[in-house]
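These are my notebook entries on a structure I looked through element by element. I set down what I looked up, in the order in which I looked it up.

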Amino acid sequence: MANPTIKEALKEASLILKSPKEASILLQHVSGLDSVSLILKEDTLCEQYKTYQTVVQRRLENEPIEYITGSVSFYSREFFIKTGALIPRPETEILIDKVINASKQFKKKINIAEIGTGSGVIPVMLALLLKEVHITAIDISNDALEIAKINAKRFNVLDKITFIQSSYLDGIYDQFDMIVSNPPYIANDFTLEPHLSHEPQNALFGGVIGDEMLKNIIDIWQQREVPILCCEMGYDQKQPLSRYLRDKGIHRFSFYEDLAGLDRGFVAHLQGEVEIE
């Protein structure tokens, strides 16, 4: 039996997925055609139909479309992604902006440590946006580090990033100007949506309460006497983290919201007695 036309294959997949947009993205991925070409060639046979059926089925089983296509959009760039690293979220772009803003106080080359680099989008973007910077990107997962290295190579910033497999800053004794992290911050007993089951669980769950890793990072930041800490966090963690910072004698910090108006992260300064929450 002959393959259907591109138009017919798209219609079929759109009904199955209940999303014409996703059906188009997946067909673009397997065919190598862009969206305009799919329209211009809609009456030609879909030569990759069997492969297309396979990826549609994967998406139907809640596999994230980013893993299927191997691509994720972040900060207006296209990054490589696959299973083994958390898929970057749009709200993390705000963390990048906060780091860029905080870096303005330094009048020298900035040395940044990133705890939990995942796919490497944070150090890559910082390397692209900051002229004088070096980032030490750390992750416990070798799979994640390999993905991060691919992205650093893709954007030609390998010379500005050192990748290290470790936990927190264990075994790393450099002096840093800033620590940046988007750590796991979901409570261990939280029931995830089906699509999240495909992502690395150690990049999602942050402990019994959920903020344990964030508190550990605050401890390390203070012990290492690093001037600035920038972290992403869960929407419900502002109050406990605010108390934790105050209890540790940190009084200069501010929280920020994501585009949905939810509390999403904080920037803390080691020195200064003026609370800027």
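**Entry 1. Burial and the aromatic residues**

I count a residue as buried when its relative accessible area is under 20%. The model is a predicted one, and I kept that in mind throughout. I began with Phe 74, which is buried because its relative accessible area is 0%. Phe 79 also counts as buried, at 0% relative accessibility.

I then searched the whole structure for aromatic pairs and found five. In the pair of Phe 74 and Phe 79 the ring centres are 6.2 Å apart and the planes stand at 75°, so I recorded this pair as edge-to-face. Phe 79 also pairs with Phe 155; here the centres are 4.8 Å apart and the planes make 40°, a tilted arrangement. Phe 79 belongs to strand 2 (residues 77–80), whereas Phe 155 sits in the loop between helix 8 (142–154) and strand 5, so this pair ties together parts that are 76 residues apart in sequence. Which residues form the aromatic cluster? I noted Phe 74, Tyr 75, Phe 79 and Phe 155 as its members.

**Entry 2. The whole protein**

I next looked up the overall figures. The protein has 10 helices and 11 strands. Its C-alpha trace spans about 75 × 40 × 30 Å along the principal axes. Of the 277 residues, 52% are buried. Among contacts with a separation of 6 or more, 64% join residues 24 or more positions apart.

I traced an open sheet of seven strands, with the order 5-4-3-6-9-11-10 and mixed pairing. Which strands stand at the edges? They are strand 5 and strand 10; each has a single partner strand, so one side of each is left without a neighbour in the sheet. From one strand to the next the twist averages 15°.

I examined two of the pairings. Strand 3 and strand 6 are parallel and share four bridges. Within this pairing, Ile 112 has Met 178 of strand 6 as its bridge partner. Strand 4 and strand 5 are likewise parallel, with five bridges between them. Asp 139 has Gln 165 of strand 5 as its bridge partner. I also noted that strand 4, helix 8 and strand 5 make up a β-α-β unit, which is right-handed.

**Entry 3. Helices on the sheet**

I turned to helix 6, residues 92–103. This helix has 12 residues and reaches 17 Å from its first C-alpha to its last, close to the 16 Å expected. Its buried residues are Thr 92, Ile 94, Leu 95, Ile 96, Val 99, Ile 100, Ala 102 and Ser 103. I looked up what these buried residues pack against, and the elements include strand 1 (71–74), helix 7 (121–129) and strand 10 (252–257). Helix 6 as a whole packs on the sheet, where it touches strand 3, strand 6, strand 9, strand 10 and strand 11 (263–269). The direction of helix 6 makes about 170° with that of strand 9.

Helix 7 lies across strand 3, strand 4 (133–139), strand 5 and strand 6. I recorded an angle of about 175° between helix 7 and strand 4.

**Entry 4. Positive phi**

Most residues other than glycine have a negative phi.

Asn 62 is found in the loop between helix 4 (49–60) and helix 5 (65–69). Its relative accessibility is 32%, so I counted Asn 62 as partly exposed.

The other entry is Tyr 168, with phi near 55°. Tyr 168 lies in the loop between strand 5 (161–165) and strand 6. Is Tyr 168 buried or exposed? I recorded Tyr 168 as buried because its relative accessible area is 16%.

**Entry 5. Glu 22**

Last, I looked up Glu 22, which lies in helix 2 (residues 20–31). What does Glu 22 touch, not counting residues up to four places away in sequence? I found Leu 17, Arg 59 and Ile 65. I also compared the position of Glu 22 with that of Phe 255: the two are 233 residues apart in sequence, and their C-alpha atoms are 35 Å apart in space.

Key
Residues numbered from 1 in each chain as written. Predicted model: local features only at pLDDT ≥ 70, side-chain atom pairs only at ≥ 80, totals over all residues. Heavy atoms only, no water. Helix = DSSP H or I, 4+ residues; strand = E, 2+ residues; numbered from the N terminus. Expected span 1.5 Å × (residues − 1). Buried < 20%, exposed > 50% of the residue type's maximum accessible area, 1.4 Å probe, protein only. Contact = heavy atoms within 4.5 Å. Pairing = 2+ DSSP bridges. Axes fitted to C-alpha atoms, helices over the stretch in contact; angles between N-to-C directions. Phe/Tyr/Trp six-rings, centres within 6.5 Å; stacked < 30°, edge-to-face > 60°. Right-handed = clockwise from strand over helix to strand, strands pointing away.
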